Amino acid sequence: MGDRTLQEDPLNVALADQWRLLDLQALDTRIDQLAHRRRTLPETATIAELAVRRDQVRDLLVAAETEDSDIARDQTKAEADVDQVRQRAERDQKRLDAGQVSSPKELESLQHEIASLAKRQADLEDAVLEIMERREAAQARIAELTAERDRIAADLERTEAALAAATAEIDAETEKVGGERATLAGGLPGELVALYEKVRASSNGLGAAALRRGRCEGCRMELSTTDLNKVRATPEDEVVRCEECRRILVRVADSGL
Ligand SMILES: [Zn+2]
């Protein structure tokens, strides 16, 4: 059972003030809930997820753009190779057409070269086509990633605005409740508030609880008959503590006494 050795001097407070202490507790609980809600707004998690994806997409986009410029370089080189082969074939063809080559052996060699240049040009052109296909794929990837990047940026902007709005709403509500709390606390005996604060700090935010139908609403334990009798015998203006959780136990209409 509770720590019965730490008996403190009895604190005498009008029962009406003890009831108002429950109101103070309700306001503090509300402020704690608001703070919790502020810390756990779903927008915060969404923003973190979006930021991770944004960074991934940024890296993927850099990689895709690097790949694209590598392919572009390959394409330029392959096209230059094609040009070179075509020009050489054209030169050979002109020599052949001009009838400048008379020796049959040289003629055969030139015709052979023209044929092999044509084959080489066809191969190089195939290579250029293949490079162009790769480049199209790379550019499609860039377009896709760019669209995703823009979508994420828009989502982030929208979510950040929603977070700011939700936070502002919570802050306004916290300020309003905080004002009520200050007024209420200011009208209560200082010793009572001090004891309440002390207990609240070490009791999960709950410093005062009602005794309802024989049960402490702080720790949810039912008081023993002995403890109930003790509470019954205590003057109503004397602050009672729960033997179990040490919270300030406030007698109310349906305390079951
Ligand atoms: Zn209790």
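These legends walk through close-up views of a predicted model. Residues are numbered from 1 along each chain as its sequence is written, and side-chain values use heavy atoms, leaving out hydrogens and water. Local features need pLDDT of at least 70 and side-chain atom pairs count only at pLDDT 80 or more, while totals for chains, interfaces and linings use all residues.

**View 1. The largest nonpolar core has 26 residues.** Such a core is a set of buried Ala, Val, Leu, Ile, Met, Phe, Trp, Tyr and Cys residues joined through side-chain atoms within 4.5 Å; buried means under 20% relative accessible area, exposed over 50% and partly exposed in between (1.4 Å probe, protein chains only). Leu-21, Leu-24, Leu-192, Val-239 and Ile-248 have the most contacts inside it. At least two residues each come from helix 1 (15–39), helix 3 (104–186), helix 4 (190–202), strand 1 (208–212) and strand 4 (248–251). Helices (H or I, at least four residues) and strands (E, at least two) are DSSP runs, numbered from the N terminus.

**View 2. Look here for the neighbours of Leu-21.** Leaving aside residues up to four places away in sequence, Leu-21 touches Leu-188, Leu-192, Tyr-196, Ala-208 and Ile-248. Contact means heavy atoms within 4.5 Å.

**View 3. Four cysteines hold the zinc ion.** Its protein donors (N, O and S atoms within 2.8 Å of the metal, or 3.2 Å for Na, K and Ca) are the SG atoms of Cys-216, Cys-219, Cys-242 and Cys-245, lying 2.3 Å from the ion. In sequence, the donor residues are spaced C-x2-C-x22-C-x2-C.

**View 4. Compare Cys-219 with Cys-242.** Cys-219 is partly exposed at 22% relative accessible area, whereas Cys-242 is buried at 2%.
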